[in-house]
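Let's walk through the charged side-chain pairs of this protein together. Keep the model open as you read.

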Amino acid sequence: MSTDAAPRPTYGNWRRPRRAGLGPFGLVGTVGVFGGLVITLLASLISLSAAVIVCIPMAVVLAPLTIRTQDGRNVYQLITLRIGWRRRKAKGAHLYVSGPLSARPGGRFRPPGMLNKVTASEGRDAYDRPFGVLHHPSRNLYTIVLGCDPDGGSLVDAEQVDVWVALWGQWLARLAHEPELRGASMIVETAPDPGTRLANEVLPRVKSDAPPVAREVMEEVVERYPTASSEMHSYITLTYGVRAGRRHTKSEVIDDLAIRIPGLLSGLVAAGGGSAYPLSAERIAEVVRVAYDPAVAADVLNARAQHGGTGLEWEDAGPAAAVETVSSYQHDSAVSRTWLMTLAPRGTVQSSVLRGLLEATSGTRRKRVALVYRPIDPATSARIVESDRRSAQFMASSGRGMMKARAASEVRAVEQTAAEEAAGAGLVEFSLMLTVTVDTSEQLADATATVRNLTAASRVLMRPADRMQAAAFTCTLPTGILPWEQTLVPHEVQEAL
């Protein structure tokens, strides 16, 4: 009998979306190049000097498009980012004050930034469970939040983990068939345990006539155990739009979402999500409130344990004050910094590649890892796969030497993608964001070093979201903010740039 262990499955074959256009120019740059050539040729009909006068400014304008950073941004995009930051700072948009002492009407503590206009409603699903619905009026989007308690990978057979990964992939592929779904996100939040949960479970069960030694042991356990433990929460947000040309009232949208929730939850349970449930509007407000002010986490847990809830409303879930700087975001009792993924792990990885990034990290107040997904419908997926396949075959037939070897590897990758897509697999765009929250600004340097080590172990390349820390912080909250829906530039043009 053979004793060789079966090889563990590996995962990969993800690639950046291919930009349209010639080389680093992108679509806009390519149009500019051909337009400049046409204008130069027309000018040459007049005289050679006229052609030179036209050609030099064109070259000066188009040259910055060829210079790109590691994350793919050109010089114009960097300049635009800096100008936008200076304009926000000049207008005071980087400062936020709420509450009765602020100049804002109502005296409520509404969440800032992209969440300021969001409203919260509540409905009941088929099992009569309350679920919260966040309405984003600027884009007319509706978000529901699902919570789950994953089983974890400890003491679980490798075969079972692989089954969970496969079922999670099927659940993501199913999202492409969800009518009017604009995007989804998976958020894992970790924080040191404040000790209130253990105290609420143990101390009420200690009898008054118990031996003094036993009471002292239990009190010592309650006091010391939380220092080595942590709490972990997992949230899935699903953001839906309303089909153009149709008018639906908010109650009709909520009724439609109530029908979909049970099926979505059953898929999460099968994929290793443990007990899955929808989050009520009160629970969503509590999550956002704790994210902005981690000092109240223990009070929220005590209120839920003793009274079953806090009664917190969405209008009071924001911070009293917040200040955005170039490299950080200060809010109430904490300071946060957010990183954005620039490159997914190269090659193949195992299912545990992100375990270190998702686990609790000592020295931090809270940490959130957000995986943002944009499912692509089957018809569009087929066109993208076929376009990539033709491009890879062309590069393999026209390349030389090392370039030809890389192109051949690209051909194998796209052929595998095409075969899997034809067999029913889904195509999805994804990104990753990481937010670390600490007590003071002085601790950010240690947090940055910790994140650098975690990303290196996970083989993920990330960069700080400088000059957009407030927006990036909001995107890691379970509130359904989709970055591509919050920009004035269409997503297709962004990829071309």
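Arg-88 counts as partly exposed at 29% relative accessibility (partly exposed lies between buried, under 20% relative accessible area, and exposed, over 50%, with a 1.4 Å probe and protein chains only). Its partner is Glu-324: the two side chains meet in a salt bridge, 3.7 Å from N to O (a side-chain nitrogen of Lys or Arg within 4 Å of a carboxyl oxygen of Asp or Glu). Glu-324 is buried, with a relative accessible area of 6%. Because Glu-324 lies in strand S8 (residues 321–324) and Arg-88 in helix H3 (residues 75–91), the pair ties together parts that are 236 residues apart in sequence. Helices (H or I, at least four residues) and strands (E, at least two) are DSSP runs, numbered from the N terminus.

This is a predicted model, where local features need pLDDT of at least 70 and side-chain atom pairs count only at pLDDT 80 or more, while totals for chains, interfaces and linings use all residues. Residues are numbered from 1 along each chain as its sequence is written, and side-chain values use heavy atoms, leaving out hydrogens and water.

Now look at Arg-110 and Glu-315, whose closest N and O atoms are 3.8 Å apart in a salt bridge. Arg-110 sits in the loop between strands S1 (95–97) and S2 (119–124), and Glu-315 in the loop between helix H9 (297–307) and S8, 205 residues apart. Glu-315 is partly exposed, at 23% relative accessible area.

Another salt bridge joins Asp-332 and Arg-289, at 3.9 Å from N to O. Asp-332 is partly exposed, at 33% relative accessibility.

Finally, Arg-108, Glu-313 and Asp-316 are linked in a network of salt bridges. The structure holds 18 salt bridges.
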